[in-house]
Amino acid sequence: MIRPCRCLIGEMPDEAELAEIIRERIELIPEEERTPEKEYAFRLSRCRECEHLQRGTCGQCGCYVEIRAARKWQRCPDVPAQWQAHQDN
C-alpha cells in the first residue's frame, strides 16, 4: 500500500508555484496576528508527524497546514489537538 506524502507544500519540488502562493499568503498576515517563529516551527513539526497530513493538507479540516499554523489564533482540529500541549505553556 502506498502511503500519501506526509510533507508540507514547501517541501514538495513539484509544488513550487503553490508553495510560493502559500508563502505570499503568510506574508499578508499582519505581524501581530502571525504565530511567532518558534511556535510556528513547533506546529509544523507536529503536523509532519500527524496521520492526517496529506501532501500539505490537513485531512481533518482541509486547510493548508502552513497557513493555518501561521495564524496564532488558529487551533489544530485534531482531537486531542496536536498543538494544544505547547499552546498552554
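Because the model is predicted, local features need pLDDT of at least 70 and side-chain atom pairs count only at pLDDT 80 or more, while totals for chains, interfaces and linings use all residues. Residues are numbered from 1 along each chain as its sequence is written, and side-chain values use heavy atoms, with hydrogens and water left out.

Starting with the overall fold, the chain has four helices and two strands. Here helices (H or I, at least four residues) and strands (E, at least two) are DSSP runs, numbered from the N terminus. Going along the sequence, their pattern reads α-α-β-β-α-α. Of the 89 residues in the chain, 36% are buried; that label means under 20% relative accessible area, with exposed over 50% and partly exposed in between (1.4 Å probe, protein chains only). The accessible surface comes to about 5900 Å², and carbon and sulfur atoms account for 51% of that. These areas come from the Shrake-Rupley method with a 1.4 Å probe, and for residues only the protein chains shown count as cover. As for contacts (heavy atoms within 4.5 Å), 63% of those between residues at least 6 apart in sequence join residues at least 24 apart.

Next come the charged pairs. Side chains of opposite charge can pair when their charged atoms come close. A salt bridge is counted when a side-chain nitrogen of Lys or Arg is within 4 Å of a carboxyl oxygen of Asp or Glu, and the structure holds five of them. In helix 1 (residues 16-28), R23 and E20 sit three residues apart, about one turn of the helix, and their side chains meet in a salt bridge at 3.2 Å, N to O. R23 counts as partly exposed because its relative accessibility is 41%, and E20, at 35%, is partly exposed too.

Another salt bridge links E31 and R34, with the closest N and O atoms 3.4 Å apart. E31 is exposed at 57% relative accessibility, whereas R34 is partly exposed, with a relative accessible area of 23%. E39 and R43 also form a salt bridge, their closest N and O atoms being 3.4 Å apart. These two residues lie four residues apart in helix 2, so about one helical turn separates them. Both ends of this pair are out of the way: E39 is buried, with a relative accessible area of 13%, and R43 is buried at 2%.

Leaving aside residues up to four places away in sequence, A19 touches I9 and G10. The C-alpha atoms of A19 and E66 are 9.4 Å apart, although 47 residues separate the two along the chain.

A cavity is a set of points on a 1 Å grid over the protein atoms alone where a 1.4 Å probe fits but cannot get out, and lining residues have an atom within 4 Å of a point. Grid points are joined across faces, edges and corners, and a volume is the space filled by probe spheres set on the points. Counting cavities of 30 Å³ or more gives one. The largest cavity holds about 110 Å³ of space. Its lining has 14 residues, with C47, C50, C58, V65 and C76 nearest the centre. Helix 2 (37-49) and helix 3 (65-70) each supply at least two residues of that lining. By type, the lining splits into eight nonpolar, three polar and three charged residues, where Ala, Val, Leu, Ile, Met, Phe, Trp, Tyr, Cys and Pro count as nonpolar, Asp, Glu, Lys and Arg as charged, and the others, Gly among them, as polar.

How values were computed:
1 Å grid on protein atoms, 1.4 Å probe; cavity = no way out; pocket = protein on both sides within 12 Å on 5 of 7 lines; lining within 4 Å.
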